[in-house]
Amino acid sequence: MKWTSLNELREKYLSFFESKGHLRLPSFSLVPMNDKSLLLINSGMAPMKKFFTGEVEPPRHRVTTCQKCIRTPDLERVGHTARHGTFFEMLGNFSFGDYFKKEAIPWAWEFLTSPEWLDIPPEKLWPSVYVDDEEAFDLWHNVIGIPAERITKLGKEDNFWEHGTGPCGPCSEIYFDRGEKYGCGKPGCRPGCDCDRFMEIWNNVFSQFNNMGDGTYTELKQKNIDTGMGLERLACVMQNVDNMFEVDTIRRVLDKVCEISGKTYGENKDNDISIRVVTDHVRSAMFMISDGVIPSNEGRGYVLRRIIRRACRHGKLLGINHAFLVDVVNVAIAESEGAYPELRERGDYIRKVLSMEEERFDATIDAGLNILSNLIRGAVKEHADVISGEEVFKLYDTYGFPIDLTREIAEESHL
């Protein structure tokens, strides 16, 4: 097991599955095609739902991708922890009615442990299976040779994959043991524990049902494999770092934020929050703009606007009082353009959209921030726990100050 760059890991994974007869496809756009159930693509399989259901014939029945993904349910948590982010890359190998469990599990093990590929020590890896999936348990125990006591059986919440309507099924995850120093110290500590010792790095979804959206499941005509593995999470393991912000390609973006702000990462908790927000959000905005999303007041355009404005505000909290997003995105583009050449091709457009939105935000933010600061001071002085809806609406209606940003700033003062 040796240190491996994120870009090299991506290429190794795709090459491995090409050697197993998979067609390598480029990442699909973050904007879903003919799928009204999603605002933005949030998993590796999401753009290929109709291949799984059999509605559309895939270009090949074995496919591998590295898919760009955006997830925003935890947007307010981004920055406050070192593990939340809005953008990530999902490695995947997919079978549409071709191979199933008896191929998928050995291939996962081969890629992770073979000296030719990642060479992770087998004793560091712990598989889990869905509690009722005896076939997967048998493969891990009798084919791969994992002792029964090291195979964890988990329930539906952990080991049954579904994301809204569409294909779903039981799964078998592989966890990396980061060592006792990350653990809770309990004798029974193992995958499924709430502590940070065991990190999930691979998820084999055995897609055999269709979630109809009304609480019922139907059997799929064809049995499928949907593998998901977070590239950044795998890079954490291979680079022996604690979180995605310390992975090589992301760390260089973070270092640029530090250079512009004159702040040192790791010295001040509040500064670290803002540094992480800017790092993550600039990368998300870059990929969204590249895929044709433009800032607006509704839908995915509003998600983009909110992400950009959140980055701008945290730049100000770092003491950056000039336009800076373009300087950060230049580093982000350089780190990712090898795998995503469209970033280079659309670089000028990405910079233009970011710059215009930053200027628009700067034109309204200062006056609004001053008024909001006075409202917060007044509320604290009067021992109130809320800012009135009337004042919040006035701030939005008169100054264009975003309500979600007002809410977030108020929460920081426990209002």
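Is histidine 414 buried or exposed, and what is its relative accessible area?

1. Histidine 414 is exposed, with a relative accessible area of 72%. Buried means under 20% relative accessible area, exposed over 50%, and partly exposed in between, with a 1.4 Å probe and protein chains only. Histidine 414 lies in the segment after helix H14 (403-412). Helices (H or I, at least four residues) and strands (E, at least two) are DSSP runs, numbered from the N terminus. The phi angle of histidine 414 is near 65°, a positive value in a residue other than glycine.

2. A word on the source: this is a predicted model, in which local features need pLDDT of at least 70 and side-chain atom pairs count only at pLDDT 80 or more, while totals for chains, interfaces and linings use all residues. Residues are numbered from 1 along each chain as its sequence is written, and side-chain values use heavy atoms, with hydrogens and water left out.

3. Asparagine 34 also has a positive phi, near 55°, and is not glycine. Its place is in the loop between strand E1 (23-24) and helix H2 (49-53). With 68% relative accessibility, asparagine 34 counts as exposed.

4. There are 22 aromatic pairs in the structure. Rings of Phe, Tyr and Trp (its six-membered ring) pair if their centres lie within 6.5 Å; planes under 30 degrees apart count as stacked, over 60 as edge-to-face and the rest as tilted. The rings of tyrosine 13 and phenylalanine 111 have centres 5.5 Å apart and planes at 90°, so this pair is edge-to-face. Tyrosine 13 belongs to helix H1 (residues 6-18) and phenylalanine 111 to helix H3 (residues 101-113), so the pair ties together parts 98 residues apart in sequence. Both tyrosine 13 and phenylalanine 111 are buried.

5. Phenylalanine 393 and tyrosine 396 form a tilted pair, because their ring centres are 6.4 Å apart and their planes at 50°. Phenylalanine 393 is partly exposed at 46% relative accessible area, and tyrosine 396 is partly exposed at 40%.

6. Helix H8 (residues 269-290) and helix H12 (residues 347-381) have axes that come within 9 Å and cross at roughly 120°. Axes are lines fitted to C-alpha atoms, for helices over the stretch in contact, and angles run from 0 to 180 degrees between N-to-C directions. H8 and H12 are therefore oblique to each other (under 35 degrees is roughly parallel, over 145 roughly antiparallel, 65 to 115 roughly perpendicular, and the rest oblique).
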